[in-house]
Amino acid sequence: MKDFFNDISEKYDLVNDIITFGLIRVFRRMLFSDVPKAKVCIELAAGTGSNLPYLLGNYETIYCVDPSDQMLAKLTKKFNHEVVIPVCKQAEEFLNLKADCVVVSFGFRNFYDRQKVLENITRYLEPGGYLLVMDVFKPKSIIDEFFLKTFFSFFCIPLGWLITGSRESYEYFFQSIFSFVTYNKFIEDIEKLGFKTLYAWSFLSLGILKLVKK
Ligand SMILES: C[S@@+](CC[C@H](N)C(=O)[O-])C[C@H]1O[C@@H](n2cnc3c(N)ncnc32)[C@H](O)[C@@H]1O
């Protein structure tokens, strides 16, 4: 799977902007609004650092974890900043760190052991620490499924393919949504681990969650 992201790292952000008509930036802003400033943030599946503009200035140290060296190379090129520490690892590997905030945007679907990552996050976070999650969840209704299939088949996959040259990567994204959990199931699972939901917003299959560790 690592290769999918290496293949598209150069054009990843451009494609996101085009396929969402720029709305991705609004969603990212929503994810980080009203989150208190703190010392340490860990971003898992950090990719090319698309969330860093919203995180810089709010934390003293930001660890950006991702196994794709090409995605991290792009991140480092864009944000050569002493606050930002790239970590080339999978989210399933435990980092001996304590954090005030953990961010995972469009990452959970790619983890080969979601439960393990959730356990890691629970151990990283200080009590009262924030977990911020944004993702495209498994459709919860036939209408959502129809919209998603149409959007990917006629727009997202052809455009992603055209711009990056990798059809497989965008087909993989599509499949990963269907092997993910629904938004409601995700909230249920995470609350069982001792998190309280502070904010939950969803539109079709997209979901934004802000949770706090009890
Ligand atoms: C769709 S991108 C999301 C990037 C970024 N978070 C964003 O909001 O645009 C998914 C990222 O997950 C990373 N990834 C894949 N498997 C992973 C794993 N096991 N642990 C951590 N990151 C992983 C990929 O390398 C890729 O950069």
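Colleague: In which loop is F106 found?

Modeller: In this predicted model, F106 is found in the loop between β4 and α6 (114–124).

Colleague: What is phi at L204, and where does L204 lie?

Modeller: The phi of L204 is near 50 degrees, a positive value in a residue other than glycine. L204 lies in the loop between β6 and β7 (206–213). L204 is also partly exposed, because 16 C-beta neighbours lie inside 10 Å.

Colleague: How is the strand β4 to be read: buried or exposed?

Modeller: In a regular strand the side chains alternate between the two faces of the sheet. Strand β4 (residues 99–105) is mostly covered, with seven of its seven residues buried.

Colleague: Which strands pair with β4, and over how many bridges?

Modeller: Strand β1 (residues 38–44) pairs with β4 in the parallel sense over four bridges. On this pairing, E43 stands opposite V103 in β4. Strands β4 and β5 also run parallel, joined by six bridges. There, V102 stands opposite L131 in β5.

Colleague: Which residues have the most contacts inside the largest nonpolar core?

Modeller: That core has 46 residues, and those with the most contacts inside it are C41, I42, L44, V102 and L131. Its largest share, seven residues, comes from strand β5 (residues 125–136). Setting aside residues up to four places away in sequence, L131 touches V102, I121, L125, F195, L211 and K213.

Colleague: Which residues of α7 are buried, and why might one look at their spacing?

Modeller: An α-helix has 3.6 residues a turn, so residues three or four places apart point the same way. In α7, L148, F152, C156 and G160 are buried. The elements that cover the buried residues of α7 include α2 (12–19) and α8 (167–178).

Colleague: By how many degrees does α7 bend, and where?

Modeller: Helix α7 (residues 142–164) bends by about 45 degrees at F152. F152 is also one of the buried residues of this helix.

Colleague: How many residues surround the ligand, and which are the closest?

Modeller: The ligand is surrounded by 22 residues, of which A45, G47, S68, A91 and S105 are the closest. By class, the shell divides into 12 nonpolar, eight polar and two charged residues.

Colleague: Where is Y199, and which residues is Y199 in contact with?

Modeller: Y199 is in strand β6 (residues 195–203). Leaving aside neighbours within four places in sequence, Y199 is in contact with L209 and K210. Y199 counts as partly exposed because it has 15 C-beta neighbours inside 10 Å.

Colleague: Is H81 buried or exposed?

Modeller: H81 is exposed, because 12 other C-beta atoms lie within 10 Å, and the exposed class covers 12 or fewer. H81 is in the loop between α5 (69–78) and β3 (84–87). H81 and L56 are 25 residues apart in sequence, and their C-alpha atoms are 9.3 Å apart in space.

Conventions: Residues are numbered from 1 along each chain as its sequence is written. This is a predicted model: local features need pLDDT of at least 70, side-chain atom pairs count only at pLDDT 80 or more; totals for chains, interfaces and linings use all residues. A residue is near a molecule or strand if its C-beta atom, placed from the backbone, lies within 6 Å of it. Ala, Val, Leu, Ile, Met, Phe, Trp, Tyr, Cys and Pro count as nonpolar, Asp, Glu, Lys and Arg as charged, and the others, Gly among them, as polar. A nonpolar core is a set of buried Ala, Val, Leu, Ile, Met, Phe, Trp, Tyr and Cys residues joined through C-beta atoms within 7 Å. A residue is buried if 20 or more other C-beta atoms lie within 10 Å of its own, exposed if 12 or fewer, and partly exposed in between; C-beta atoms are placed from the backbone. Helices (H or I, at least four residues) and strands (E, at least two) are DSSP runs, numbered from the N terminus. Two residues are in contact if their C-beta atoms, placed from the backbone, lie within 7 Å. The bend at a residue is the angle between axes fitted to the seven residues ending there and the seven starting there. Two strands pair if DSSP finds at least two bridges between them.
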